[in-house]
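I opened this notebook to record what I looked up in one structure. The entries below follow the order of my reading.

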Amino acid sequence: MLNVWRSISDKGPVQQFPLAVCAADSLKYPEDFVVFEIQYKDRIGENWFIRDSVDSKNSHHQKWFYYPRMKKNEALIFKQV
């Protein structure tokens, strides 16, 4: 799956909460993931989140890429695995 992200603000570049992506090949399974169930009326699903490298003592191996000050005319295309 491919994702495209861009700012929709007409007020200028992103100043707070810039986009960040983690390189999938820098993650370790299962210790880098937090999983929780979502209970629906007819099924149970789950979501997976990357354990925050700030909170984890052993996640210095994670490779994060930040895109601060992105403007409306810029976009990031990335593959979701």
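**Entry 1: the charged pairs**

I looked up arginine 43 and found that it counts as partly exposed, at 47% relative accessibility. I noted the scale: buried means under 20% relative accessible area, exposed over 50%, and partly exposed in between (1.4 Å probe, protein chains only). The model is predicted, so local features need pLDDT of at least 70 and side-chain atom pairs count only at pLDDT 80 or more, while totals for chains, interfaces and linings use all residues. Residues are numbered from 1 along each chain as its sequence is written, and side-chain values use heavy atoms, with hydrogens and water left out.

I found that the side chain of arginine 43 meets that of aspartate 42 in a salt bridge (3.2 Å, N to O); the term requires a side-chain nitrogen of Lys or Arg within 4 Å of a carboxyl oxygen of Asp or Glu. Aspartate 42 is exposed, at 64%.

By this rule I counted two salt bridges. The other joins the side chains of lysine 72 and aspartate 10 (2.7 Å, N to O). Lysine 72 lies in the loop between strand 5 (64–67) and strand 6 (76–79) and aspartate 10 in the loop between strand 1 and strand 2, so the pair ties together parts 62 residues apart in sequence. Strands here are DSSP runs (E, at least two residues), numbered from the N terminus.

**Entry 2: serine 7**

Is serine 7 buried or exposed? I recorded serine 7 as buried, at 6% relative accessibility. Serine 7 touches Val14, Met70, Lys71 and Lys72, not counting residues up to four places away in sequence; contact means heavy atoms within 4.5 Å.

Conventions:
Helices (H or I, at least four residues) and strands (E, at least two) are DSSP runs, numbered from the N terminus.
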